[in-house]
There are 2 protein chains.
Amino acid sequence: MYNGTFEPAAESKPIRDVAYERLKHAIITGELPAGSRIVETVYAEQLHISRTPLREALRKLERDGLVEYVLRHGVVVRAFTVADIEEIFTIRNAMMMLILPSVIERVSDKDIAELRVLLSEMDVAQKEEDCDALASFNRAFHSKIEHLTDKKRILRVIDDQEEYITRFSAVTIASIVRRSKAHQEHHEMVDLLEKRDLDGLEKLMSHHLDESKMTCLAAVANRK
Amino acid sequence: MYNGTFEPAAESKPIRDVAYERLKHAIITGELPAGSRIVETVYAEQLHISRTPLREALRKLERDGLVEYVLRHGVVVRAFTVADIEEIFTIRNAMMMLILPSVIERVSDKDIAELRVLLSEMDVAQKEEDCDALASFNRAFHSKIEHLTDKKRILRVIDDQEEYITRFSAVTIASIVRRSKAHQEHHEMVDLLEKRDLDGLEKLMSHHLDESKMTCLAAVANRK
DNA sequence: TTATTCAGGATTGGATACATTGTACAATTT
DNA sequence: AAATTGTACAATGTATCCAATCCTGAATAA
């Protein structure tokens, strides 16, 4: 009888997925700015992999719309215009309204308790003005709420769109005024969730996303 | 002086894209039913290509959500549940409402004339009960209207969702009652477009998509 | 009979080699 | 000098090769 421990069975992701995530992260954070050309041989070498898995990763990024494939020229990181940001938030807002009923319906007291824990961590980050921490907490907070839905496909659309704007989240959070207001709204959201107040949550969330969009647009416009 | 004709410069797509489209088509039409395993060597041979481009095509399908990747087992065609169809139509409807204002704003008399040409072709197909032709005309009709918008990202979401339900369009059109009603509504849509009646178009489109959803759901439920 | 082991084939993961295409720039021609 | 051609280099497109893993099923042991 085998009495040892089970090895995690080398549940390693394929290397192509590692490459995919690394590249995606680089694009989203702006490390790879729009217009950058991704030359296969260069990045294969840099990631210490061969071209085959790297190319598979590029094909995924292509379908994500993060890079553009130019016939026989390879891929180039795509640019984001103000119109893009506008649309992304529009989509996100509309999709959010579609899932909120199911979120209210499915949220448990345990979920709310967990959200409150997150909020208290965010309180600290807010007080200490730790924008990096706040950015990732924000994302976790919204993600947690969204994932309460059972509408997998709508959720996927939201997730996709959010990925696009992650690259701007740092910029958005830099605004002190908005940061404090948003933080307050996050608290209100959990209160409304606890009360199962769909109407109130819809209004607040819609407002919250609109404000976020405005700040984002302003920040991006300023940067130019 | 060169006086001949210009060759189309062999603007051939990469083989991986051909493979991608072929496989996508096979999945969408149901030729490759849900649950089918796609073995790389088998399909590479069948398409007379090597595994490399085929794998790139599979990675695209993976991001499309049409196939599922199982660790070290390759890809399997994903199944569609009733809930999926429900969500797909919900997304499509919501996104449609978001672009209609821009559609009304941008539609030209030339566009309307072209839509009427399409409609007259659809009249014939409708009269002759040529469901295949009607299915592709339907798609072309809706596609033409949607593409009048300048909201590229929202359009992309719509297109993505529509791709998913293409596999059911034949089923939907099979319903004689719905077919005739839908055909009539298509005529009304162009009338409303011509009048630039946003309100009317929103109502009609929303109703149209709802009816389409119902028929689709009924057809799929029956098939089991 | 039933459980187990182990060999062999099948399949995916990844790397490498070769082919094709495109680009840059120098050489040449007008 | 301007335009054109040619050539070398660089990058992508595709095929093939090898390794690692998984599955199957026969052979064997309990």
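Reply: A helix here is a DSSP run of H or I with at least four residues, numbered from the N terminus. Keep in mind that this is a predicted model, where local features need pLDDT of at least 70 and side-chain atom pairs count only at pLDDT 80 or more. Residues are numbered from 1 along each chain as its sequence is written.

Me: Why is B:Asp64 called buried?

Reply: Its relative accessible area is 9%. Buried means under 20%, exposed over 50% and partly exposed in between, using a 1.4 Å probe and protein chains only, so B:Asp64 counts as buried.

Me: What makes the link between the side chains of B:Asp64 and B:Lys24 a polar contact?

Reply: The two side chains are joined at 3.5 Å. A polar contact is a pair of N or O atoms within 3.5 Å, and within protein one must be able to donate a hydrogen and the other to accept it; residues adjacent in sequence count only if both atoms are side-chain atoms.

Me: Which residues is B:Asp64 in contact with, leaving aside its neighbours within four places in sequence?

Reply: From chain A come A:Arg63 and A:Arg156, and from chain B come B:Tyr20, B:Lys24 and B:Tyr164. Contact means heavy atoms within 4.5 Å.

Me: Which helix gives the largest share of the lining of the second largest pocket?

Reply: Helix 7 of chain B, with eight residues.

Conventions
Chains are lettered from A and ligands numbered from 1 in the order in which they are written. Side-chain values use heavy atoms; hydrogens and water are left out. Helices (H or I, at least four residues) and strands (E, at least two) are DSSP runs, numbered from the N terminus.
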